[in-house]
Amino acid sequence: MFGRHVGGLNTLKRVFVALPVVARGHLHSFLLGQQPAELLLQHPQDLHVTIAYLGDCDETQAEAAWKVLGESAPPACTVRLGKPAAFGRRGSAYGFRLMDADALEAWLKGHQADLLNAAIALPDPRPIMPHLTVAWSRGRRSQDPAVWRFALEPFVDQIIRFRTAALYCRAAPGGSRRYRRLASIRLLNANTEGQHKDGPRQA
């Protein structure tokens with residue numbers, strides 16, 4: 001249903017479940033503006049906070065994880081962008097730690113493994129640390145911190161509201177987008193009964 005037919009299986013590349021982020025105001029303008037010489041900026045419509053990285057998998061595995069999310073998705077919540085930080089094994093991805101994110105961290109500790117197990121994905125050895133990536137170093141080499149901190153500092157303390165969850169995979173090469181949204185679901189408040197009664201929605 002989601003993927004490209006390869007060798008009898010619908011194969012999806014770099015699949016993950018995430019909370020989409022709507023870029024507003026100056027952050028939106030920054031991401032659509034002139035690319036800094038040292039950085040590759042995320043497309044505004046690709047902004048997200050990953051909650052489970054499934055890797056390369058077939059359609060059945062992705063659907064299994066998506067079903068688990070529909071049964072136990074996190075509630076809608078609001079967080080704040082913390083100080084700029086470097087992420088990734090090479091320290092070449094740049095963005096923000098999320099502040100005031102205790103509810104999201106608690107959900108990840110309780111449910112992230114369930115999504116990975118449903119998709120028969122490898123466990124994530126990294127510590128749970130919700131963050132938003134907005135840029136990468138050109139050439140994937142770590143840059144002088146002064147370069148990316150200067151670019152990102154204006155957005156510290158910006159409020160981010162999570163209202164949906166989505167399933168993504170890598171987009172076809174050649175376009176402006178890195179990721180393709182496969183499906184999405186609306187998140188309800190923690191005190192709202194009948195969560196997700198509208199069910200999953202294809203993106």
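Two strands are taken to pair if DSSP finds at least two bridges between them. Helices (H or I, at least four residues) and strands (E, at least two) are DSSP runs, numbered from the N terminus. The structure is a predicted model, in which local features need pLDDT of at least 70 and side-chain atom pairs count only at pLDDT 80 or more, whereas totals for chains, interfaces and linings use all residues. Residues are numbered from 1 along each chain as its sequence is written, and side-chain values use heavy atoms, with hydrogens and water left out.

The secondary structure of the protein comes to four helices and eleven strands. Buried residues (under 20% relative accessible area, against over 50% for exposed and in between for partly exposed; 1.4 Å probe, protein chains only) make up 44% of the 203 residues. Among contacts (heavy atoms within 4.5 Å) between residues at least 6 apart in sequence, 71% join residues at least 24 apart.

Five strands form an open sheet in the order S3-S7-S6-S5-S8, with antiparallel pairing. Its edge strands are S3 (39-41) and S8, each of which pairs on one side only. From one strand to the next the twist averages 40 degrees; axes are lines fitted to C-alpha atoms, for helices over the stretch in contact, and angles run from 0 to 180 degrees between N-to-C directions. Strand S5 (residues 77-87) is joined to strand S8 (residues 159-162) by four bridges, and the two run antiparallel. Within this pair, Cys77 has Phe162 of S8 as its bridge partner. Strand S5 is also joined to strand S6 (residues 93-99), by six bridges and again in antiparallel fashion. Here the bridge partner of Phe87 is Ala93 in S6. The hairpin of S5 and S6 has five residues between the strands, and Gly88 in this hairpin takes a positive phi near 90 degrees. Five bridges link S6 to strand S7 (residues 131-137), which is antiparallel to S6, and Arg97 stands opposite His131 in S7. Helix H4 (residues 145-152) lies across S3, S5, S6 and S7 and runs at about 155 degrees to S5.

Between S6 and helix H3 there is a loop that holds Asp100. The phi of Asp100 is near 55 degrees, a positive value in a residue other than glycine, and Asp100 counts as exposed because its relative accessibility is 54%. Helix H3 (residues 102-118) has 17 residues and spans 25 Å from its first C-alpha to its last, close to the 24 Å expected at 1.5 Å a residue; the expected span is 1.5 Å times one less than the number of residues. A kink of about 45 degrees in H3 is centred on His111, the bend at a residue being the angle between axes fitted to the seven residues ending there and the seven starting there. The buried residues of H3 include Leu104, Trp107, Leu108 and Leu115, together with Glu105 and Gln112. Just after H3, Ile120 takes a positive phi of about 55 degrees.

A nonpolar core is a set of buried Ala, Val, Leu, Ile, Met, Phe, Trp, Tyr and Cys residues joined through side-chain atoms within 4.5 Å. The largest such core has 54 residues, and those with the most contacts inside it are Leu69, Leu98 and Phe162. Leaving out residues up to four places away in sequence, Leu98 touches Val49, Val79, Arg80, Leu81, Leu104, Pro130, His131, Leu132 and Phe162. A second, separate core of nine residues includes Phe16, Ala93, Trp136 and Tyr168.

Strand S2 (residues 9-20) contains Ala18, which counts as buried because its relative accessibility is 0%. The C-alpha atoms of Ala18 and Ile51 are separated by 5.1 Å, although these residues are 33 residues apart along the chain. Among the residues that Ala18 touches, not counting those up to four places away in sequence, are His48, Val49, Ile51, Ala165 and Tyr168. Arg14 also lies in S2. It has a positive phi of about 50 degrees although it is not a glycine, and with a relative accessible area of 42% Arg14 is partly exposed.

Gln42 is placed in the loop between S3 and strand S4 (48-58). At 1% relative accessibility, Gln42 counts as buried. Apart from neighbours within four places in sequence, Gln42 is in contact with Leu31, Leu47, His48, Thr133, Val134, Trp136, Arg178 and Tyr179.
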